[in-house]
Amino acid sequence: MSTPVLVDLRSDTVTRPTLAMREAMARADVGDDVYGEDPTVKQLESRLAQAFGFEKGMFVPSGTQSNLCALLAHCQRGDEYLVGMEAHTYKYEAGGAAVLGSIQPQPIANAEDGSLPLAALVKAVKPDDVHFARTRLLTLENTWHGRVLDPEYVSAATSWARAQGLATHLDGARIFNAAVASGQTPAALAEGFDTVSICLSKGLGAPVGSVLVGPAQVIACARRWRKMLGGGMRQSGVLAAGALHALDHHVDRLAEDHARAARLAKGLGRARAIEVRACHTNMVFIDVPLARLDALRRHLEAAGIRASIGYLPSVRLVTHLDIDDDAIERSIEVFARFDA
Ligand SMILES: *Cc1c(COP(=O)(O)O)cnc(C)c1O
């Protein structure tokens, strides 16, 4: 028999709804949302639209669908979007924009801090010429690998984009982590963007869902795409109620996840075979010699600890709602025994 999983640090998507959240979901007032008749979904959409300084919101089953609806709403077939080479929208969404929208990505190497350097962006914009795809959109991601983007950079990049006539989209899957860590309001973090995608099923701990916020016209267009993609849900107020509960109870507590990530990074710093590369908000990245990766995987598995190993350049550990202080201390102790 394999060891049961005791500590799951792979991602903040693994959280299970709390009892209080399940109760809120059970009580939800619902209707058919494709007819625009689910009051709980509407409440969630308008609450987030307002908090982020936009006219409208749209509840979707996943962050991937939210980003895709935004890309499809901003870009036509043959348009191009500027995106980070390591960005979720480019690298981890199965090439949806290209497959379903005939939208060409123009990947730009992310700097260490997650920014797409302005000089690289300037060079990547294509002139209006029959040889080129039409550069149409800039997308950024905040937080990026747990890092909060530098607000001065965001302001410079979005102003530049606007001056070029480009639309701007923010993949804010973990935007509330950015807000809690930096003290910026959601509206300040959204400043300069035409649309923002917000995940409810990551650190906020809801079981399902993201919301795309933006101007009424863009969201209306995105709604048609959502329907086409199969994301029109019916009594989805059950899900939205979980998200509303999360907004009421799980935002401020993200600070605990950040403190636990810092504690984990500090503890791992003493493990001999491990190099802590970075720790930001709720994420810790560690480097292990390539030849030792399989050994680390087996070592952790035997101790009931799970981490993201193998598809990122380094090992990723993520703190979340289901990781308490004991889980952190246990993990530090297990890592310390690796190769000791
Ligand atoms: C998780 C994530 C998404 C996509 O969310 P899903 O709900 O898993 O589809 C998008 N962007 C970023 C940065 C993410 O971390």
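Me: Helices here are DSSP runs of H or I with at least four residues, strands are runs of E with at least two, and both are numbered from the N terminus. Where is the place of Ala94?

Reply: This is a predicted model: local features need pLDDT of at least 70, side-chain atom pairs count only at pLDDT 80 or more, and totals for chains, interfaces and linings use all residues. Residues are numbered from 1 along each chain as its sequence is written, and side-chain values use heavy atoms, with hydrogens and water left out. Ala94 isn't a glycine, yet has a positive phi of about 60°. You'll find Ala94 in the loop between helix H4 (88–91) and helix H5 (96–101).

Me: And is Ala94 buried or exposed?

Reply: The cut-offs, with a 1.4 Å probe and protein chains only, are under 20% relative accessible area for buried, over 50% for exposed, and partly exposed in between. Ala94 has a relative accessible area of 74%, so the label is exposed.

Me: What is the phi of Ser102 near?

Reply: Ser102 sits in the loop between H5 and strand S4 (104–108), and is partly exposed at 36% relative accessible area. Here again a residue other than glycine has a positive phi, near 50°.

Me: Which residues of helix H1 are buried?

Reply: H1 covers residues 19–26. Its buried residues are Met21, Ala24 and Met25.

Me: Why do the buried residues of H1 line one face of the helix?

Reply: An α-helix has 3.6 residues a turn, so residues three or four places apart point the same way. Exposed Leu19 and Ala26 are on the face of H1 turned away from the buried side, while the cover over the buried residues includes helix H11 (237–249). The arc is taken from the directions from the helix axis to the C-beta atoms. The buried residues line one face because, seen down the axis of H1, they fall within an arc of 100°.

Me: How many aromatic pairs does a search of the whole structure find?

Reply: Rings of Phe, Tyr and Trp (its six-membered ring) pair if their centres lie within 6.5 Å; planes under 30 degrees apart are stacked, over 60 edge-to-face, and the rest tilted. On that rule, the search of the whole structure gives 1 aromatic pair.

Me: How far apart are the ring centres of Phe52 and Phe176?

Reply: Phe52 is in the loop between helix H2 (39–51) and strand S2 (56–60), and Phe176 is in helix H8 (residues 175–182), 124 residues apart. Both Phe52 and Phe176 are buried. Their planes are at 85°, so the pair is edge-to-face, and the ring centres lie apart by 5.6 Å.

Me: How far is the nearest cysteine sulfur from Cys75?

Reply: A disulfide is a pair of cysteine sulfur atoms within 2.5 Å, and the count is 0. Cys75 is in no disulfide, and the nearest cysteine sulfur, in Cys221, is away by 11 Å.

Me: Which side chain makes a polar contact with the side chain of Asp8?

Reply: Asp8 lies in strand S1 (residues 7–8) and counts as buried at 15% relative accessibility. A polar contact is a pair of N or O atoms within 3.5 Å; within protein, one must be able to donate a hydrogen and the other to accept it, and residues adjacent in sequence count only if both atoms are side-chain atoms. At 2.6 Å, the partner of Asp8 is Arg10.

Note on methods. Contact = heavy atoms within 4.5 Å.
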